[in-house]
Amino acid sequence: MSEDKIVPALSRGIEIVDLVCRSPAPIGVSEIARQMAVAKSTTHGLCRTLVHLGLIRETPGGFVPGSRPVRWAEAFVSRLDIAADFRARVD
């Protein structure tokens with residue numbers, strides 16, 4: 001995909017989800033903004049949206065992963081044909 005078709009806000013949102021998932025402890029808006037070099041107000045708005053969508057969850061200590069990606073993982077795994085994938089890799 002060419003770079004001109006990328007939606008920056010969506011990319012930043014996914015980066016936030018990735019950052020929250022990599023963090024060993026809850027992570028706050030200020031730290032997310034600092035690590036991403038994005039304005040705190042922008043980060044706050046993105047985090048609010050991600051919470052609303054169930055992609056991250058807010059706790060007293062900061063943000064942690066949400067449950068929505070579990071549904072995506074279940075859908076992905078349910079469509080896997082492990083045997084066919086194995087045969088294709090072995091051939």
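This is a predicted model: local features need pLDDT of at least 70, side-chain atom pairs count only at pLDDT 80 or more; totals for chains, interfaces and linings use all residues.
User: Why is T43 called buried?

Analyst: The relative accessibility of T43 is 0%. Buried means under 20%. T43 therefore counts as buried. The residue sits in helix α3.

User: Which residues is T43 in contact with, leaving aside its neighbours within four places in sequence?

Analyst: They are I16, V29, I32, A33 and V38. Contact here means heavy atoms within 4.5 Å.

User: Why is A37 called exposed?

Analyst: A37 has 72% relative accessibility. The cut-off for exposed is over 50%, so A37 counts as exposed. A37 lies in the loop between α2 and α3.

User: What is the phi of A37?

Analyst: Phi is near 55 degrees. That is a positive value, and A37 is a residue other than glycine.

User: How do you know that α2 and α3 meet?

Analyst: Contact requires heavy atoms within 4.5 Å. V29, S30, I32 and A33 in α2 meet K40, T43, H44 and C47 in α3. The residues of this contact divide into 4 nonpolar, 3 polar and 1 charged. K40 is the charged one, because Lys counts as charged.

User: What is the geometry of that packing?

Analyst: Helix α2 covers residues 29-36 and helix α3 residues 40-52. They pack at an angle of about 115 degrees. Their axes are 9 Å apart. The crossing of α2 past α3 is right-handed.

User: What makes β1 and β2 a pair?

Analyst: Pairing needs at least two bridges between the strands. Strand β1 (residues 56-59) and strand β2 (residues 62-65) are joined by 4 bridges. They therefore pair. The two run antiparallel, and a hairpin joins them through 2 residues. One of the bridges links I56 to P65 in β2.

User: What makes a set of residues a nonpolar core, and how many residues has the largest one here?

Analyst: The members must be buried residues of the listed nonpolar types, joined through side-chain atoms within 4.5 Å. The largest such core has 15 residues. I16, V20, I32, I56 and F63 have the most contacts inside it. Helices α1 (8-22), α2 and α3 each supply at least two of its residues. The largest share, 4 residues, comes from α1.

User: Which residues does F63 contact, beyond its neighbours within four places in sequence?

Analyst: Among them are V20, I32 and I56, which are also listed with F63 for the most contacts inside the core. F63 is also in contact with P26, I27, V29, C47, R48, V51, R57 and E58.

Conventions: Residues are numbered from 1 along each chain as its sequence is written. Side-chain values use heavy atoms; hydrogens and water are left out. Axes are lines fitted to C-alpha atoms, for helices over the stretch in contact, and angles run from 0 to 180 degrees between N-to-C directions. A crossing is left-handed if the near helix is turned anticlockwise from the far one by less than a right angle, and right-handed if clockwise. Buried means under 20% relative accessible area, exposed over 50%, partly exposed in between (1.4 Å probe, protein chains only).
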